[in-house]
Each structure stands twice: as C-alpha cells, then as structure tokens.
Amino acid sequence: MMAIAREFFRLPESERLKNYSDDPTKTTRLSTSFNVRTEKVSNWRDFLRLHCYPLEQYLEEWPTNPPSFREEVAEYCTSIRALVLRLLEGISESLGLERDYIGNNLGEHGQHMALNYYPPCPQPELTYGLPGHTDPNLITILLQDDVPGLQVLKTGRWVAANPIPNTFIVNIGDQMQVISNDKYKSVLHRAVVNDEKERISVPTFYCPSPNAVIGPARELIDDEHPAVYRSFTYQEYYDRFWNRGLAKECCLDLFRTSA
C-alpha cells in the first residue's frame, strides 16, 4: 500500500491532476490542504481521497495509473475493513454491549481513505500538514511511513506518535465517543512537516452511513450517567464538521445535550 501511494505521488503532475477536484462531495478526488474553498491559510499537504465501501460502487472511479492501483488498493481496503469489524466487536464487548451492537447501529456502513503526501517544507514552523483536529468518523486505522509527523494532545501537551515498523495506529473518532457516552474519547491530533523528507500516510476512515442516527447507547445511560449527546444523523454531523473547518474545539461540543 505504501509503495503504490508513493508511486502515485511520483507520477507527472499532469497525470495526477486528472483526479483533481475541490468539490468535497466527489467520492474520488485529488486535492490539497483541507478545504481550499474556506481556508485563509492552506495546509502543507496533497491528498487523494477514495470512497471504498461498497467497493464495487466506487472502484471504477479510482485512478488507473499506476496500472496496479485499483487491484492493490482494493485488496488493502478489504483487509482493513475486516480488521475494523473485529475491533468494533471488541469495543462493543468492552462497553458491556452485545458484540454486534456498534456494527448494527451504523446503517449500511461507510468507508473511505486518504493517501496523504506531505512534501518537504522550506519553512515548517509556519504551517501544519494538518492542524489539530479530531476525526469526525467512528474509527480510523492509520498506516504511516517511517518519517515522524503525527502528534497527539495528551494532558495539554503535544506528544509525538512516532512510527513503529509494521504497525497501525488506531484512532478513536467522534462517533465512537458519542456511542460510548464519553467512555471512549476522540483523540485530538495533528500532522507537522519537516524541511528534509517527504512523508506519506494512509488513514482509513470507517463511519456510519449518512442517514444513520447516532446517539449514546441506551444501555450506557442511567441516573448516574445521563446522555451526554443528543441523537443526530451522521450527515448532519459531517456537514457541521466540514463547514467549520479544522479547529481545536471538537465539533462534538455542538451536539452536547447541554449545548
């Protein structure tokens, strides 16, 4: 997967730009920064975003160059989905819920991914690859190369999550925090850049389908643990997240029962 991502970003610009769009509703698109339509300061990143579940619905949109792109990325997406479904079962059980609870409350499910390319930056102190944010989806599986760049906020300090060979980073997203009624916490993280080496990361975002209604699991609500969040559709949440841009304040705050 890392090899095919690197190969894609080394294609001639004219070839890569065949996939370019700044329309966030496109399910396959090459773009840059986060939301070029709304930002005043752009992030130091190019990315290829691909929707990948159901696979047969999107495969024909994907790039055909490099020649093995579709085959190799499809295999990766299928394997990652299997991993995610196992994790969701384990997380459900850890909350005292039925093993299939989370999986059964995502509607038809959704999965998309990004191939992120962070080129060397001549003045890395002036920008981010991505500024601090939490992921709006349910759970994220991150594959990264050997170049450091990911940082997470822990007890008020940014801490480097440096790459460990042959591992994934699993990020809890906002929807998991809602379903768990705050027992699991969405992780505030960011990507920094450097002036020496390019960096590539491949996050897979697993999420509810747009019309799925998300709210705290009823089994986790009682007099001592009232519902922290109101119920909402994932489409409503994602629209609010996208339109406000990346910010340190978690978008979840807009959906609290006391808000």
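This note sets out, in numbered points, selected features of the structure shown above.

1. Basis of the note. The model is predicted, so local features are taken only where pLDDT is at least 70 and side-chain atom pairs only at pLDDT 80 or more, whereas totals for chains, interfaces and linings use all residues. Residues are numbered from 1 along each chain as its sequence is written, and side-chain values use heavy atoms, with hydrogens and water left out.

2. Strand E10. Helices (H or I, at least four residues) and strands (E, at least two) are DSSP runs, numbered from the N terminus. Buried means under 20% relative accessible area, exposed over 50%, and partly exposed in between, with a 1.4 Å probe and protein chains only. Both faces of E10 are covered. One side carries Arg 199, Ser 201, Pro 203, Phe 205 and Cys 207, and the other carries Ile 200, Val 202, Thr 204 and Tyr 206.

3. Partners of E10. Two strands pair if DSSP finds at least two bridges between them. Strand E3 is joined to E10 by 7 bridges, and the two run antiparallel; Tyr 117 stands opposite Ile 200 of E10. Strand E5 also pairs with E10 in the antiparallel sense, over 6 bridges. Here Gln 144 has Ser 201 in E10 as its bridge partner.

4. Asn 116. Which strand holds Asn 116? The residue is found in strand E3, which spans residues 110-118. Asn 116 has a relative accessible area of 3% and is therefore buried. Its side chain makes a polar contact with the side chain of Arg 45 at 2.8 Å. A polar contact is a pair of N or O atoms within 3.5 Å; within protein, one must be able to donate a hydrogen and the other to accept it, and residues adjacent in sequence count only if both atoms are side-chain atoms. With neighbours within four places in sequence left aside, Asn 116 is in contact (heavy atoms within 4.5 Å) with Phe 9, Arg 45, Asp 46, Phe 47, Arg 199, Ile 200, Ser 201 and Pro 203.

5. Strands E1 and E2. Strand E1 (residues 28-32) has 4 of its 5 residues buried, so it is largely enclosed by the rest of the structure. E1 is joined by 5 bridges to strand E2 (residues 46-53), and the two run antiparallel. Within this pairing, Thr 32 stands opposite Asp 46 of E2.

6. Aromatic pairs. Rings of Phe, Tyr and Trp (its six-membered ring) pair if their centres lie within 6.5 Å; planes under 30 degrees apart count as stacked, over 60 as edge-to-face and the rest as tilted. The count by this rule is 9 aromatic pairs. In one of them, the rings of Phe 8 and Phe 69 have centres 6.1 Å apart and planes at 50 degrees, so the pair is tilted. This pair links distant parts of the chain, with Phe 8 in helix H1 (residues 2-9) and Phe 69 in helix H4 (residues 69-94), 61 residues apart. Phe 8 and Phe 69 are both buried. The rings of Trp 62 and Phe 69 have centres 6.4 Å apart and planes at 85 degrees, so this pair is edge-to-face. Phe 8, Phe 9, Trp 62, Phe 69 and Tyr 117 are linked by ring pairs into a cluster.

7. A charge over a ring. The charged end of Arg 81 sits over the ring of Tyr 53, 3.9 Å from its centre. This term requires NZ of Lys or CZ of Arg within 6 Å of the ring centre and within 35 degrees of the ring normal.

8. Salt bridges. A salt bridge is a side-chain nitrogen of Lys or Arg within 4 Å of a carboxyl oxygen of Asp or Glu. The count by this rule is 11 salt bridges. Arg 6 and Asp 145 meet in one through their side chains (3.8 Å, N to O). This pair links distant parts of the chain: Arg 6 lies in helix H1, and Asp 145 in the loop between strand E5 (139-144) and strand E6 (150-154), 139 residues apart. Arg 6 is partly exposed, at 24% relative accessible area, whereas Asp 145 counts as buried at 9%. A network of salt bridges links Arg 6, Arg 10, Asp 145 and Glu 198.

9. Two further salt bridges. Lys 185 and Asp 182 form a salt bridge in which the closest N and O atoms are 3.6 Å apart. Lys 185 is partly exposed at 49%, whereas Asp 182 counts as buried at 17%. The side chains of Arg 256 and Asp 253 also meet in a salt bridge (3.1 Å, N to O).
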